[in-house]
Protein chains: 2
Amino acid sequence: MHWEQILATRMTRMKASEIRELLKLLDQPDIISFAGGIPDPALFPAQAFRQAMGQALSDAQCATSLQYSVSEGYAPLRDWIAEQMALIGVPCTRDNILITSGSQQALDYLGKLMLSPGDTALVGWPTYLGALGAFNAYEPRYDRLDPGSNREAQDFRDAAAPGRVKFAYLSADFANPTGVTLDQTGRERLLDMAEDLDIAIIEDAAYQALRYDGEAVPPILATEIARKGDIEACRTIYCGSFSKTLAPGLRIGWVCAASPVIGRLVLMKQAADLHSSTLNQIATHLVAREHFAAHVPMLRETYGRRRDLMLAALEREMPAGVSWTRPEGGMFTWLTLPEGTDGAELLARSLKTEKIAFVPGHAFFPDGTGRNTIRLSFTLHEKPMVDEGIARLGRLLRG
Amino acid sequence: MHWEQILATRMTRMKASEIRELLKLLDQPDIISFAGGIPDPALFPAQAFRQAMGQALSDAQCATSLQYSVSEGYAPLRDWIAEQMALIGVPCTRDNILITSGSQQALDYLGKLMLSPGDTALVGWPTYLGALGAFNAYEPRYDRLDPGSNREAQDFRDAAAPGRVKFAYLSADFANPTGVTLDQTGRERLLDMAEDLDIAIIEDAAYQALRYDGEAVPPILATEIARKGDIEACRTIYCGSFSKTLAPGLRIGWVCAASPVIGRLVLMKQAADLHSSTLNQIATHLVAREHFAAHVPMLRETYGRRRDLMLAALEREMPAGVSWTRPEGGMFTWLTLPEGTDGAELLARSLKTEKIAFVPGHAFFPDGTGRNTIRLSFTLHEKPMVDEGIARLGRLLRG
C-alpha cells in the first residue's frame, strides 16, 4: 500500500513535535523536570469528582449521562460558564458558549473555521506550540504578531498576499511559553489592528484564572465588549478550559463568542465528533458549581508560592547574561540565555550530567529562531527540589 | 464583523443536517418515534460504570485518570481491543490501535488524513449521513460505491479526475441506514477493486458486534489479512466503537490499521485534541474487561427480539408496494415506498396526524435521490408500542 500517494497535502505539515518526543525521554526517576506544562496531580479535586460521578451515574441520571447528547454541549454547564464569563466582563448567554474537548479542540476548530491554504495567521514569536500544530493542518502562512510594534495594518495585508489575514492568535495572560501578560494598552492596540484588518482575534485564556499577584487585566473580549456594548458585535473568540483549574483528564473546555461563530462551530463539532462526553460535562458542571470558587484560590496560593521559589532560586543561581520573565500567573517562566547558547544542546548535555529537564525554546518560534531560550515550568515542585534543580541549571550554564 | 469574509472555503460545505434539525421537532411525548439511531438507555451498564469510575477515581488512580495522557490512548485499553480484534480474525498489537472520541472522530480524522479538495471518496448510495458530514469538511467529490456492480476501476479513475480516488467508505455489517450486510463475495470484490485503484478502505464497524442471527461474515480487514498475512500490509482501516455495545456518552471508539496509518493519526490527534478523556478510557477498559462478554449477548437478545417484533408488524401492516430490508443485526430497517411517495412529506403529514416519527431516506444519498425511502430504528420499543406505531405507519401510507 502506497500511503504517501493517498495522503492529503496537509499531511506534509504534520510532523511529530520535537518537544513531545523529547518529553518521552525525560520520564526517568532521577531527573528533576521543569519541562512538562502540567498541573500538579496532587491538587486535583478527586474527591469532588468521585462524588460528581456517583451522582451523574445514579439511577436518576445515568440514562442521560451515558447517552448521546447535543453538539453545543450540556446546557447547565453552558449556563454556568456564561455566568462566570459575566464576572470577568463578558456578559453573554448559553448561545455564546460551545463546549469543546479541551481548548486544544477549540484551536483546531477555529483553524478549520477560518483557514484555507495560504491564508495568514498572526501569532507571537514565540507562541504556544500546540496552536501551531492545530493550525498547520489547514496549511496557513504565519506572520509575526507583536502588539508592541508600530507595524501598520497595510504591512500585514501586503505580506499576506495571495491569501488574506484571517486572525490573530494569542494567549494574553501568562502566555505559554513566556509567562508574559499583555497590558491594557497592548490589548487596545491589538483590537484597533484587528478592526483595521477586519480579522478575528483568538484569545487563548487557558491560564487566565491562575493569577497570583498584580492587577487583573480584563480579557480582550471584555475590552471589546466595553467598546461595542454587545458580544454579538465582537470579533474576539475566547477559548477557555477546565484543564488548569479542575483537571485535564476530562477534556472539557469551551469557546465563548458571537452566536454566528458558535453556530458554525456547532455544525463543525456535529460533523467531527458529535459532542464532548456527556458524562464528563455533567460531572464537570457539578464539580464547578460546588467547588470552583474555593478550589481555584487554593491553586493560586500553591502555584504562586512555587513561582516565588523558582524566581528566588533563579536570582541566586543564574550566571550573568541570563535573563528571565517574572510571570504574574500561569505555569511558566522563560529564560533567555547568552547569545550562542543552544537550549536543545544544553538539554542534551543536562540529561547526561546534571539531570534536569526543561523545554528548549526554539520550537515555539514559527521561524525556528529563539535557539538561546528555554522554558521552565514551576507547577510541580516545592522548595528542596526547586532549589536543587535550579542550582543544577546554574552549574550547567556555567560549565 | 464580516464573518463570511474570513471563513475557510470548506465552510460552504458544512450545513445543518436536515435530519438533526428534524429530530428536534420529534421530542414530543405523544409521538412514537422510530427515528433516532440510539441505544436503549435502560440497557446501559450503569452499575458497572459507577464501580469503574469509583476505581478510576480512587486515591491510587486519580492522579493518572485526571491528568493529561498520551495521544495514542490508554495502553491497557488498546491491548484489550487488540485481543478482541484477534478474536474476529484481526491479529494485531496496541501499535495498530488509536483511541478516538467515538468512531465519528475516526471518520473525521480519516477524511483529514486522505482528502484534499477535489479528491474522490467512494460511498454507498445511500450511506451513513455522519460520514458525509465528516468528509465534507475536506471538500471531496463523491462517487458511487456498489460492490455488486461490475464497474471497472478505470471508470472510477476517469470520473475522479482532476483529483484522485482516495478511499472507499462503507459499513459492511447492518449498515446505517439500510441494515444490509455485504456478503463475502462482495467483500472480496471490494478488496480487488481497492487493490486495482490503490486506495484505502474505511470499514465502519459501529454495529458489527450486534448480530442477532445468520452467520457472521469476517470483517473486511480480516479478509484482507487472510490474503496478505499481516495487518501491516493491509489497506483496510477499521473503525470500532463502544457507543453501541457499552454507552455513547463516554465517546470512546478506536481505529485499527497498519501502524504507519496509526502513527499519522496519532500526530493528527495530538494537534487536534491532545487525547481522548483519560478517565473515560480507564473506566471503559475496566467495564469492557469485566462486563463486555456478558453484556453484549444481552443486548443482542433484546434488540434481536425487538427487530423481530418490527419485522412481524411490517409484514402485517404494510400495504402492497412497500418493501423493506430484513437486517441480521444493527438498529435499522429500511423501507422503499411506492415510486412517487416522498418520505419527508410523509413525515410532515405524520407529525400532524398519526404522530409517528422516522427518518426520510433522501438525506442519506449524496446525490439527493431516494425520496421514496425511510429509515426505521427498532432499538427502543417493545411489543405494544411497536405494533401501534407500525399500524399507524400503515394507515399513513394508505391514507
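Predicted model: local features only at pLDDT ≥ 70, side-chain atom pairs only at ≥ 80, totals over all residues.
Local features need pLDDT of at least 70, side-chain atom pairs count only at pLDDT 80 or more, and totals for chains, interfaces and linings use all residues. Residues are numbered from 1 along each chain as its sequence is written, and chains are lettered from A and ligands numbered from 1 in the order in which they are written.

User: How far apart are the C-alpha centres of domain 1 and domain 2 of chain A?

Analyst: Domain bounds come from an automatic or database domain assignment. For chain A they give domain 1 as 3–44 + 294–398 and domain 2 as 46–291. The separation between the two C-alpha centres is 24 Å.

User: Which element gives the largest share of the side of domain 1 of chain A that touches domain 2 of chain A?

Analyst: Contact is counted when the C-beta atoms of two residues, placed from the backbone, lie within 7 Å; by this count 33 residues of domain 1 of chain A meet 32 residues of domain 2 of chain A. Helices (H or I, at least four residues) and strands (E, at least two) are DSSP runs, numbered from the N terminus. On the domain 1 side, helix H12 (278–317) and strand S10 (332–336) of chain A are the elements that give two or more residues. The largest share, eight residues, comes from H12(A).

User: How many nonpolar residues are on the side of chain A that touches chain B?

Analyst: In the contact between the chains, 69 residues of chain A meet 69 residues of chain B. The largest share of the chain A side, nine residues, is from H11(A). Ala, Val, Leu, Ile, Met, Phe, Trp, Tyr, Cys and Pro count as nonpolar, Asp, Glu, Lys and Arg as charged, and the others, Gly among them, as polar. By these classes the side has 21 polar residues, ten charged and, as nonpolar, 38.

User: Which residue of chain A has the C-alpha nearest the axis?

Analyst: Superposition is by least squares on the C-alpha atoms of residues with pLDDT of at least 70 in both copies. Chain A is brought onto chain B by a rotation of 180 degrees with 0.0 Å of shift along its axis (RMSD 0.0 Å), so the two copies are related as by a two-fold rotation axis. At 3.4 Å from this axis, the nearest C-alpha in chain A is that of Met53(A).

User: Which strands of chain B stand at the edges of the sheet?

Analyst: Strands pair if DSSP finds at least two bridges between them. The open, mixed sheet has seven strands in the order S2-S8-S7-S6-S5-S3-S4 of chain B. Each edge strand has a single partner, so one side of each is left without a neighbour in the sheet; these are S2 (97–100) and S4 (141–144) of chain B.

User: At what angle do H6(A) and H11(A) pack?

Analyst: Tyr109(A), Lys112(A) and Leu113(A) in H6(A) meet Arg264(A), Leu265(A), Met268(A) and Lys269(A) in H11(A). Axes are lines fitted to C-alpha atoms, for helices over the stretch in contact, and angles run from 0 to 180 degrees between N-to-C directions. The two helix axes lie 10 Å apart, at an angle of about 110 degrees. That makes H6(A), in relation to H11(A), roughly perpendicular (65 to 115 degrees).

Definitions and conventions: Parallel < 35°, antiparallel > 145°, perpendicular 65-115°, else oblique.
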